[in-house]
Amino acid sequence: MAPAKAGKEIKLACIILAAGHGTRMKSLLAKVLHPIYGRPMLDYALETALALKPARTIVVVNRQFDTENFPLPKGARYAIQKEQKGTANAVSAGVSALGKSFKGTTLVLNGDTPLVTPGTLKRFLRLHKKNRNKLSVLSFTAYDPTGYGRILRDEDGRAIAIVEEKDATGDEQDICEVNSGVYALEHAALPLLKSIKKNRKKGEYYLTDIVELASEKKLQAGVFCQGDEDEFLGINSRLDLARAHEALRLLKIKELLEKGVTLIDPASTYIAPEVKVAKDTCIYPNVFLHGRTKIGKGCTIYPNVRIIDSTIRDGAVIKDSCLIEEAIVGKDAFVGPMAHLRPLTRLGKGAKVGNFVETKRSTIGEGSKAMHLSYIGDTTVGKHANIGAGTVTCNYDGKAKHHTVIGDGVFIGSGSQLVAPVNIGKGSYVGAGSTITRDVSAGSLSITRAEQKTLKGWAAKKTVKPSKKKKKKK
Ligand code: UD1
Ligand code: CA
């Protein structure tokens, strides 16, 4: 779809219906804000709509919807459906928001159908245009049509109506061609919205009734059966939400296996659609990769690892049970087992962060190691430094965070605390068990622990004598 140019006739508008109460979700959260792989359902519909480059995009929501906490991307805006009087009424709210000047094609999408692809919609719009339709509906063949509106066709195959499950007769319920909730309306079809009557059973104005009205009014209309059933999964319940997750999971698994990624157990691998994994990477069971995560070539991700919005460069190894958030792990670096890389952690090439180590807002330079039981926060570690077991950077004084610098080749003895702000100069040593509060100059040794005393024979003298008290007889 060509984007509309200033001054030229506007071609396409999208209306996304998202005002329903979503009662079947049994949730306090608006249905379209329920996340799928960490992103609200509505995000998916919006992304698909915007991929068509519409001149205008309207998201129809109810009064309770928290529009401030879900700002729309450029080019899209909200319309409020005051009362939830059904899908036809919601479209009318969207059409009003489009304004009278809009004379192009209006594409209606359901906000609860997140898996529809732009490709399918483009095909549908091409068919709509080619047939010079005033109204088109996108249908699909459902293995199980339960819950969807059934497409009724006459003996010539012309679509004459859509009947909702509750109103369908036994025979009609057996029809497997169903309504996807995607419609294309030309300006000439819009007056039909006003003729839709309230459904007696549900008390709502059904958009689906527009097909019968178009047929009665001899308006050029058609229903096109296109696309894959999974794409049109409408999410009404938590069961549907779980199905959508699974459908996306399987698509991603297939894509990665085809790209040359090894998945030891695809059934327990959860990778979000936008994640990228390069070839010859091996992923063990129970791994979650989310958000804008990128994994390079030849990496190994061992079991029970969760990585969010992070970059793992070629050849890196993430051992068992790690959590990595908004971090960058350098080429051939090692992480874990059981490490937590918190936001803004940067590990250089070949760096090692091992067992029970937590890092935050820190850079650990090339070849540097923190292998055991450490906290490294607000710190810059140079190259080839060794941070001993149990080292803690004390970055917080109760009010503000402070920075620690550990130079190239530094050796921090085990069990040390570095009280920030502090600078440990290049090539220097910190003796084990030290509490460092002042800068350490390059090449020196700093040690702050008390000198060791050894009291010979002390243990024998201190031996506790048995108590003389007799136990009371009961
Ligand atoms: C609807 C269709 C059905 C189709 C199915 C596809 C109707 C009457 N039925 O059924 O034929 O097979 O979608 O998934 O249209 N909404 C509003 N305002 C309202 C009511 C609903 O904005 O007053 C929005 C909802 O937020 C939702 C969409 O419209 O995103 C569809 O509504 P929903 O109640 O989910 O309809 P279905 O029963 O799924
Ligand atoms: Ca629905």
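**Cores**

I looked up the largest nonpolar core, and it has 91 residues. Leu-107 and Ile-424 have the most contacts inside it. By nonpolar core I mean a set of buried Ala, Val, Leu, Ile, Met, Phe, Trp, Tyr and Cys residues joined through side-chain atoms within 4.5 Å. Buried is under 20% relative accessible area, exposed is over 50%, and partly exposed is in between (1.4 Å probe, protein chains only).

This core draws at least three residues from each of domain 1 (12-231) and domain 2 (238-446). The bounds come from an automatic or database domain assignment. In soluble globular proteins, nonpolar side chains tend to be buried together.

I note that this is a predicted model: local features need pLDDT of at least 70, side-chain atom pairs count only at pLDDT 80 or more, and totals for chains, interfaces and linings use all residues. Residues are numbered from 1 along each chain as its sequence is written, chains are lettered from A and ligands numbered from 1 in the order in which they are written, and side-chain values use heavy atoms, with hydrogens and water left out.

Next I listed the neighbours of Ile-424, leaving aside those within four places in sequence. Ile-424 is in contact (heavy atoms within 4.5 Å) with Val-405, Ile-406, Gly-407, Val-410, Ile-412, Leu-418, Val-430, Ile-436 and Val-440.

**Aromatic rings**

How many aromatic pairs does a search of the whole structure find? I get 7. Rings of Phe, Tyr and Trp (its six-membered ring) pair if their centres lie within 6.5 Å; planes under 30 degrees apart count as stacked, over 60 as edge-to-face and the rest as tilted.

I took Phe-124 and Phe-224 to begin with. Their ring centres are 6.3 Å apart and their planes stand at 70°, so I logged the pair as edge-to-face. Phe-124 is in helix α3 (residues 118-130) and Phe-224 in strand β11 (residues 221-225), so the pair ties together parts 100 residues apart in sequence. Helices (H or I, at least four residues) and strands (E, at least two) are DSSP runs, numbered from the N terminus.

Tyr-270 and Phe-288 are stacked, at 4.7 Å centre to centre with 15° between the planes. Tyr-270 sits in strand β13 (residues 269-271) and Phe-288 in strand β16 (residues 287-290), so this pair joins parts 18 residues apart in sequence. Tyr-270 is partly exposed at 26%, and Phe-288 is partly exposed at 28%. I also found Phe-140, Tyr-148 and Phe-232 linked by ring pairs into a cluster.

**Charges**

I checked for charges over rings (NZ of Lys or CZ of Arg within 6 Å of the ring centre and within 35 degrees of the ring normal). The charged end of Arg-39 sits over the ring of Tyr-44, 4.8 Å from its centre. The charged end of Lys-401 sits over the ring of Tyr-396, 5.5 Å from its centre.

I then looked up salt bridges, and the structure holds 20. The cut-off is a side-chain nitrogen of Lys or Arg within 4 Å of a carboxyl oxygen of Asp or Glu. Arg-39 bridges to Glu-47 at 2.9 Å, N to O. Arg-39 is buried at 16%, whereas Glu-47 is partly exposed at 49%.

Asp-378 and Arg-361 meet at 2.5 Å, N to O. They are 17 residues apart, with Asp-378 in the loop between β31 (375-377) and β32 (379-381), and Arg-361 in the loop between β28 and β29 (363-364). Asp-378 is buried at 8%, while Arg-361 is partly exposed at 36%. Shared partners join Arg-39, Asp-43 and Glu-47 into one salt-bridge network.

**Backbone**

Which residues does a cis peptide bond join? I noted Gly-336 and Pro-337, with omega about 5°. Pro-337 lies in the loop between β24 (334-335) and β25. Another cis bond joins Ala-420 and Pro-421, with omega about 0°.

Glu-326 has a positive phi of about 45° although it is not a glycine. Asp-378, not a glycine either, has a positive phi of about 50°.
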